[in-house]
Number of protein chains: 2
Amino acid sequence: MSGPKKTIDRVFHALGDSTRRAILDQLATGPRSVSRLAGPLALTLTAVGQHLQILEDCGLVRTEKIGRVRSCRIDPTGFSTLDRWIQMHRALWDRRLDQLGKLLDDSPDEVVSIRPG
Amino acid sequence: MSGPKKTIDRVFHALGDSTRRAILDQLATGPRSVSRLAGPLALTLTAVGQHLQILEDCGLVRTEKIGRVRSCRIDPTGFSTLDRWIQMHRALWDRRLDQLGKLLDDSPDEVVSIRPG
DNA sequence: GAAATAGTGAAGTGCACACTTGACTATTTT
DNA sequence: AAAATAGTCAAGTGTGCACTTCACTATTTC
């Protein structure tokens, strides 16, 4: 599938990597420099920089360069993007899942009724 | 980063694809067969089958083959995996973000104080 | 101002992913 | 039983991704 990537795509993609989640976990305790973040990760500075770029692009992290040090912190924007998406979809799914309990093995499926009229 | 993929990785990865989210949206209205799902997607049956495999592996979709038709529906498991992860992490982040309002431009960063010794 | 520190940029590598084709199986329908 | 329908399997293709190395710049510290 092609087309310009939506923000929610990028948020999910960013969170789908355990290294990036580890970075976010570090930042949850407070702001950190790039090398400080790299320490426990066993990665090159370059690699960490690339992860930070991805996290910044989707609004999960905000960074600011002070002197020669880049300071990184959590950005709420990305999380509200995620929140909004989940809220919108949970509504639909939960309603459906409620009915599961009631309909379970009730109708075999509306699937068999696909016949061009 | 190597190692065996955790479930939450697979959930995020699954949701990071707009085609798979479109499949979930279709399933939100009720169970559907593979070809029915493929219809609006402009994809081969094979491709849709592969997406379904991914969705099934991380507990977002449950499928059952009846006759020659595979019936697909939403599975709550994957969503509670996601929910649990978000709950656990929102707690930490929100606490941090609360303090942002209070500390904002207060201390430049604890970053500069990394000096051995 | 020389040396250490913090990070950036470009280019390359290997693997994972989305997707296709084409041949095949299993079930319905007529 | 022949023909159509629903899906599956194996293999291949191009692209994107995580990560590295190496050369380089900007800032501190001594």
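This is a predicted model: local features need pLDDT of at least 70, side-chain atom pairs count only at pLDDT 80 or more; totals for chains, interfaces and linings use all residues.

Biologist: What separates the C-alpha atoms of Gln53(B) and Thr63(B)?

Modeller: Along the chain, Gln53(B) and Thr63(B) are ten residues apart.

Biologist: At what angle do helix H2 and helix H4 of chain B pack, and which word describes how they lie to each other?

Modeller: Two packed helices are described by the angle between their axes and by the distance between those axes. For H2 (residues 18-28) and H4 (residues 45-57) of chain B, the axes are 10 Å apart and the angle is about 75°. Angles of 65 to 115 degrees count as roughly perpendicular, and H2(B) and H4(B) are therefore roughly perpendicular.

Biologist: Which residues make that contact between H2(B) and H4(B), and how many of them are charged?

Modeller: From H2(B) come Thr19(B), Arg20(B) and Ile23(B), while H4(B) brings in His51(B), Ile54(B) and Leu55(B). Sorted by class, the contact of H2(B) with H4(B) has three nonpolar residues and two polar ones, and the number of charged residues is one.

Biologist: How many bridges join strand E2 to strand E3 in chain B, and which residue in the turn of their hairpin has a positive phi?

Modeller: E2 (residues 61-66) of chain B runs antiparallel to E3(B), and the bridges that join them number six. Within this pairing, Glu64(B) stands opposite Ser71(B) of E3(B). The two strands form a hairpin with two residues between them, and the turn residue with a positive phi, of about 65°, is Gly67(B).

Biologist: Which residue of E3(B) is the bridge partner of Arg32(B)?

Modeller: Strand E1 (residues 32-33) of chain B is joined by two bridges to strand E3 (residues 69-74), and the two run antiparallel. In E3(B), the partner of Arg32(B) is Cys72(B).

Biologist: Turning to chain A, in what order do the three strands form their open sheet, and which strands stand at the edges?

Modeller: The order in chain A is E1-E3-E2, with antiparallel pairing. E1 and E2 of chain A each have a single partner strand, so one side of each is left without a neighbour in the sheet, and the strands at the edges are E1 and E2.

Biologist: Which residues of helix H2 in chain A are buried, and why are they said to be on the same side of the helix?

Modeller: In H2 (residues 18-28) of chain A, the buried residues are Arg20(A), Arg21(A), Ile23(A), Leu24(A) and Leu27(A). They are on the same side of H2(A) because they cover an arc around the axis of only 155°.

Biologist: What covers these buried residues of H2(A), and which residue just after H2(A) takes a positive phi?

Modeller: The cover includes helices H1 (7-15), H3 (34-38) and H4 (45-57) of chain A, together with strands E1 (32-33), E2 (61-66) and E3 (69-74) of chain A. Just after H2(A), the residue that takes a positive phi, of about 140°, is Gly30(A).

Definitions and conventions
Residues are numbered from 1 along each chain as its sequence is written. Chains are lettered from A and ligands numbered from 1 in the order in which they are written. Axes are lines fitted to C-alpha atoms, for helices over the stretch in contact, and angles run from 0 to 180 degrees between N-to-C directions. Helices (H or I, at least four residues) and strands (E, at least two) are DSSP runs, numbered from the N terminus. Angles under 35 degrees count as roughly parallel, over 145 as roughly antiparallel, 65 to 115 as roughly perpendicular and the rest as oblique. Two residues are in contact if their C-beta atoms, placed from the backbone, lie within 7 Å. Ala, Val, Leu, Ile, Met, Phe, Trp, Tyr, Cys and Pro count as nonpolar, Asp, Glu, Lys and Arg as charged, and the others, Gly among them, as polar. A residue is buried if 20 or more other C-beta atoms lie within 10 Å of its own, exposed if 12 or fewer, and partly exposed in between; C-beta atoms are placed from the backbone. The arc is that of the directions from the helix axis to the C-beta atoms. Two strands pair if DSSP finds at least two bridges between them.
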